[in-house]
Amino acid sequence: MIDDAHWFSQARLGMFVHWGLYALPARHEWVMSREKIPAGTYRTYFEHFDPDLYDPRAWAAAATGAGMKYVVLTTKHHDGFCLWDSALTDYKATNTPAGRDLVAEYVAALREAGLKVGFYHSLVDWHHPDFTIDGIHPDRDAPDAAARNAGRDMARYRDYLHGQVRELLTGYGQIDYLFFDFSYPEGAASDGAAGRPWPGKGAPEWGSAELLAMVRELQPGIIVNDRLGIPGDVATPEQYQPAGTLKNDDGAPVAWEACQTLNGSWGYDRDNDDYKSPELLLRMLIDGVAKGGNLLLNVGPTGRGELDPHAVATLAALGDWMRAHARSIHGAGPVNLVPPSDARYTRRGDRLYLHLFAWPFGQLHLPRLAGKVRYAQLLGDASEIRMSVSDPHQAAQNMTAAGQPEGTLTLNLPVRRPEAAVPVIELFLEEGVELA
Ligand code: GLC
């Protein structure tokens with residue numbers, strides 16, 4: 001159970017790293033499936049994988065600089081390529097020009113920087129000879145696909161999957177977070193020519209219950225996401241913002257983490273300029289915290305092993321804001337209070353944080369807060385924001401606004417919008433104020 005005090009809830013912002021052979025074609029991490037590239041052809045990226053500029057300390061520095069508290073790296077993505085020195089396959093970084101265990105260096109760099117260590121691990125594997133061809137597999141349209149499936153044995157793949165997860169959870173010390181990806185029990189598309197639906201894969205194919213039990217036994221404190229086809233610890237909405245707090249069937253709040261890309265692709269995608277601005281990303285982060293969620297923001301390092309300049313600039317811009325505003329994010333969560341339009345509240349202890357997505361003119365009215373706030377300031381520069389409470393019966397006059405409904409606190413804002421990407425007002429609550 002992930003409660004408010006858990007490191008995961010306190011963190012609120014993490015870095016997702018999608019890195020593997022697909023950084024070389026540089027046109028989305030699903031390139032093998034999208035372009036139906038057979039494993040033999042895809043192997044050219046294996047032969048040319050030479051990340052000579054790989055420096056996970058630089059990744060860690062970029063993450064901490066942006067105010068991120070954990071990092072999640074793709075140990076293996078759907079193409080099946082392994083970044084660590086697995087004893088169960090030759091399809092691994094050690095056998096490429098990289099020539100070493102890249103996960104070991106990643107884990108060491110994160111620990112050194114005080115970051116929590118996360119692994120993403122693909123359940124899907126388009127390289128393993130026993131993984132049956134299905135509707136998302138690169139060979140789905142191959143004329144001999146059905147015949148090849150006859151010789152494939154998912155039980156053997158399952159052993160491989162479990163064995164590799166065991167390696168990852170026993171070879172690198174404490175692992176804080178495991179992000180499995182993904183289940184599609186409903187099946188995908190159809191096999192074109194014959195028009196039959198391809199069967200999907202989910203908990204039975206992955207042996208999820210057994211796999212999860214092993215994970216918990218090997219790493220008792222670990223957090224596991226919700227993509228095994230059975231319940232996990234954290235919900236992982238992908239590429240959208242939930243409309244509100246998330247609840248389970250009993251109405252209890254659920255820990256969640258929205259994973260988001262910089263440009264719509266997870267892997268390095270050279271010609272894709274569909275970038276979210278730093279301001280938009282910050283609004284997404286704040287919106288998530290206001291709804292009790294985390295943001296796992298993705299970067300896709302290049303084939304040389306570096307973060308590309310756009311990612312570096314975006315993270316720096318986030319860091320710029322976080323440097324002065326992180327206390328409205330780290331350790332903060334939702335509050336049961338409806339914010340004014342274009343604004344979001346978060347709460348941490350006796351502080352309320354009002355994030356202004358648009359800067360209003362002059363007065364900002366906050367229902368239910370009259371008498372509950374002892375001091376208000378602009379978070380960015382700790383300059384006082386003056387407060388007032390109007391007589392609810394006062395009628396509007398030429399130069400006096402009408403009184404606000406009973407219980408409304410009014411903030412008197414400066415005309416000029418502060419420079420911050422998202423200005424924040426910090427409200428110090430009177431002792432013992434209940435807002436529930
Ligand atoms: C997806 C995609 C993928 C990406 C992931 C991130 O399900 O298959 O490429 O790694 O989600 O959450």
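Me: How far is a polar side-chain atom of His-18 from an oxygen atom of the ligand?
Reply: The distance is 2.5 Å. That is a polar contact, meaning a pair of N or O atoms within 3.5 Å. Keep in mind that the model is predicted: local features need pLDDT of at least 70, side-chain atom pairs count only at pLDDT 80 or more, and totals for chains, interfaces and linings use all residues. Residues are numbered from 1 along each chain as its sequence is written, and side-chain values use heavy atoms, with hydrogens and water left out.

Me: What about Trp-30 and the ligand?
Reply: A polar atom in the Trp-30 side chain is 2.9 Å from a ligand oxygen. For Glu-238, a side-chain N or O atom also has a ligand oxygen at 2.9 Å.

Me: And how much of the ligand is buried by the protein?
Reply: The protein buries 93% of the 310 Å² that the ligand exposes when taken alone. Those areas come from the Shrake-Rupley method with a 1.4 Å probe.

Me: Switching topic. Is β8 mostly covered or mostly open?
Reply: Mostly covered: 5 of the 5 residues in strand β8 (residues 256–260, a DSSP run of E, at least two residues) are buried. Buried means under 20% relative accessible area, with a 1.4 Å probe and protein chains only.

Me: Which residues sit on each face of β8?
Reply: Trp-256, Ala-258 and Gln-260 are on one side, with Glu-257 and Cys-259 on the other.

Me: Which strand is joined to β8 by 5 bridges?
Reply: Strand β9, residues 293–299, which runs parallel to β8. Gln-260 has Leu-297 as its bridge partner there.

Terms used: Polar contact = N/O pair within 3.5 Å; in protein donor to acceptor, adjacent residues only side chain to side chain. Buried < 20%, exposed > 50% of the residue type's maximum accessible area, 1.4 Å probe, protein only. Helix = DSSP H or I, 4+ residues; strand = E, 2+ residues; numbered from the N terminus. Pairing = 2+ DSSP bridges.
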